[in-house]
Amino acid sequence: GLDVTYVDLPGVCADFARFRWQQLGVSERISPLSPDEFWKSPNDRFGMIVSIEVLEHLENPVHHAARYLELLETGGLLVVTACFKHGPRNPDHRPENDAYRRIFGGEVWTRRRCVLTNLGFRWRRWWLFEKPPEAAH
């Protein structure tokens, strides 16, 4: 029963998503958005953003995470997962670095250095962050 905005690069994943929307009869509830439109839509606000296995493919995941904060309504939720492992099974992932710990604050003692909390998100669970009123832009 939700309206969904779907952002993806053109290709196999986007084609499969459209196939599933048609198969499930929900195409009219989904608004596709190109990555360019994602960056240029200043007035859109969302109650929830789901980012599953996206950040590890990006050259600047921090810039992308900051955009999530801009697009969320106050009290909105960010559901985010990423696997920053680069290798033969994941050649399209960015080369391995300290990105996981920097983005998520992977251990309890690094949480205060977590990029997402430093941007203004409130940490709720390892994969769930909230935009509190004090983070409103």
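S51 sits in strand β3, which covers residues 46–52 (strands are DSSP runs of E with at least two residues, helices runs of H or I with at least four, numbered from the N terminus). The model is a predicted one, in which local features need pLDDT of at least 70 and side-chain atom pairs count only at pLDDT 80 or more, while totals for chains, interfaces and linings use all residues. Residues are numbered from 1 along each chain as its sequence is written, and side-chain values use heavy atoms, with hydrogens and water left out.

With a relative accessible area of 2%, S51 counts as buried (under 20%, using a 1.4 Å probe and protein chains only). Its contacts (heavy atoms within 4.5 Å) are with Y68, V79, V80 and T81, leaving aside residues up to four places away in sequence. The side chains of S51 and Y68 are also joined by a polar contact of 2.7 Å.

What about the neighbouring strand? β3 pairs with β4 (residues 72–81) in the parallel sense, over 6 bridges (pairing takes at least two DSSP bridges). To get from β3 to β4, the chain passes through helix α3 (residues 61–71), and this β-α-β crossover is right-handed (clockwise from the first strand over the helix to the second, with the strands pointing away from the viewer).

Notes:
Buried means under 20% relative accessible area, exposed over 50%, partly exposed in between (1.4 Å probe, protein chains only). A polar contact is a pair of N or O atoms within 3.5 Å; within protein, one must be able to donate a hydrogen and the other to accept it, and residues adjacent in sequence count only if both atoms are side-chain atoms.
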